[in-house]
Amino acid sequence: YLSRDEVAEASLSKAREEGGSVRVVTKENVLTKSRSGSSQTPPAAERQDQQSCKEEDEQPSSEPSYLQAVDSQGVPLCLSCQQACPTTGGAWDTRFCSHRCQEEFQLRSSQTYMRSRVLEAEQGICQHCGLNAHELFLKVRDAPASKRKEMLENTWLAQLPLKQLNEMIRAPVEGDFWQVDHIRPVYRGGGQCSLDNLQTLCTACHKARTAQQAKERSQMRKSAAASNVASDISRFFIRK
């Protein structure tokens, strides 16, 4: 994932290159305008202590703040591609130069957004075994705790470790049932989290694929090490 620190470093570097500056952009919460100028959101526990019953529905934005480069003419530069952005609208509305850049940035920086887009595209169906893992999660979550074990026993996920299954019975969460995985693995050049390179896998298939990939990576490392030794075999011979 693309971290905020990486975004900040890229923005600072671009600002120096352009002879410009940087600014902090944070989504404004219309219900709590008094805080909108702050670049940081107070911790959740702190907010709860400070809020009255009336304020409980006025939750601050969950969107993080970002450091954005601004060129020497005062034009904001896209957080994704660092090209010029439109100048109409507030700071939050001028983070990106296009919808495409915004989409790519959110996929790379937010696991929640990435999961929501993959769920929208594939409906939570495992692309390997065909299990509708998201539908199963909803059924297990909404079922009485006494029925959950039986529901899981009759599915492909029953092969998961007992400790993991017990946790799914006790307190089921979506991430226990399905994962978002790269179609082309990161170690084979598939590191970019574009929607075209993402797929839904149930947790059982994801675990099996992860184990297989770990085995492949180990074999690749061994092959690379053997290749290095073979290429340097001349050092074992003495020229006369």
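This is a predicted model: local features need pLDDT of at least 70, side-chain atom pairs count only at pLDDT 80 or more; totals for chains, interfaces and linings use all residues.
Accessible areas here come from the Shrake-Rupley method with a 1.4 Å probe.

1. **Surface and burial.** The protein chain has an accessible surface of about 15500 Å². Carbon and sulfur atoms hold 49% of that surface. As for the inside, 32% of the 240 residues of the protein chain count as buried.

2. **Overall layout.** You will find eight helices and four strands in the protein chain. Going along the sequence, they come in the pattern α-β-α-β-α-α-α-α-α-β-β-α. Among the contacts with a separation of 6 or more, 56% link residues 24 or more positions apart.

3. **The largest nonpolar core.** This core holds 23 residues, and those that touch the most other members are Leu136, Leu152, Leu157, Met168, Phe177 and Cys202. Two or more residues each come from helix 4 (111-122), helix 5 (133-142), helix 7 (162-170), strand 3 (178-182), strand 4 (198-202) and helix 8 (203-231). Helix 5 is the biggest giver, with four residues in this core.

4. **Leu136 as a way in.** Beyond its neighbours within four places in sequence, Leu136 is in contact with Leu131, Leu152, Thr155, Leu157 and Phe177.

5. Cys202 sits in strand 4. Is Cys202 buried or exposed? Its relative accessible area is 0%, and because the cut-off for buried is under 20%, Cys202 counts as buried. Setting aside neighbours within four places in sequence, its contacts are Cys126, Cys129, Leu131, Ala133, Trp156, Leu157, Phe177 and Trp178. One of these deserves a distance: the C-alpha atoms of Cys202 and Cys126 are separated by 5.2 Å, although the two residues are 76 apart along the chain.

6. **Helix 5 against helix 6.** The axes of these two helices come within 8 Å and cross at roughly 155°. Angles over 145 degrees count as roughly antiparallel, so helix 5 and helix 6 are roughly antiparallel to each other. On the helix 5 side the contact uses Leu136, Lys139, Val140 and Arg141, and on the helix 6 side Arg148, Met151 and Leu152. By type, the contact of helix 5 with helix 6 has four nonpolar residues, no polar ones and three charged ones.

7. **Helix 3 against helix 4.** How do the axes of helix 3 and helix 4 cross? Helix 3 (residues 99-109) and helix 4 have axes that come within 6 Å and cross at roughly 110°. That makes helix 3 roughly perpendicular to helix 4, because angles of 65 to 115 degrees fall in that class. Glu103, Gln106, Leu107 and Ser109 of helix 3 meet Gln111, Tyr113, Met114 and Arg117 of helix 4. The contact of helix 3 with helix 4 divides into three nonpolar, three polar and two charged residues.

8. **The buried side of helix 3.** Which residues of helix 3 are buried? They are Cys101, Glu103, Phe105, Gln106 and Leu107. The buried residues of helix 3 pack against helix 1 (4-18), strand 2 and helix 4.

9. **Two glutamines with positive phi.** Gln82 lies in the loop between strand 2 (66-70) and helix 3. Its phi is positive, about 65°, although Gln82 is not a glycine. At 21% relative accessibility, Gln82 counts as partly exposed, because buried means under 20%. Gln123 is found in the loop between helix 4 and helix 5. Its phi is also positive, near 60°, and Gln123 too is a residue other than glycine.

10. Look for Gln159 in the loop between helix 6 (145-153) and helix 7. With a relative accessible area of 48%, Gln159 is partly exposed. Where does the chain come back to Gln159? One place is Ala204, which is 45 residues away in sequence and 7.2 Å away in space, C-alpha to C-alpha.

How values were computed. Residues are numbered from 1 along each chain as its sequence is written. Side-chain values use heavy atoms; hydrogens and water are left out. A nonpolar core is a set of buried Ala, Val, Leu, Ile, Met, Phe, Trp, Tyr and Cys residues joined through side-chain atoms within 4.5 Å. Buried means under 20% relative accessible area, exposed over 50%, partly exposed in between (1.4 Å probe, protein chains only). Contact means heavy atoms within 4.5 Å. Axes are lines fitted to C-alpha atoms, for helices over the stretch in contact, and angles run from 0 to 180 degrees between N-to-C directions. Angles under 35 degrees count as roughly parallel, over 145 as roughly antiparallel, 65 to 115 as roughly perpendicular and the rest as oblique. Ala, Val, Leu, Ile, Met, Phe, Trp, Tyr, Cys and Pro count as nonpolar, Asp, Glu, Lys and Arg as charged, and the others, Gly among them, as polar.
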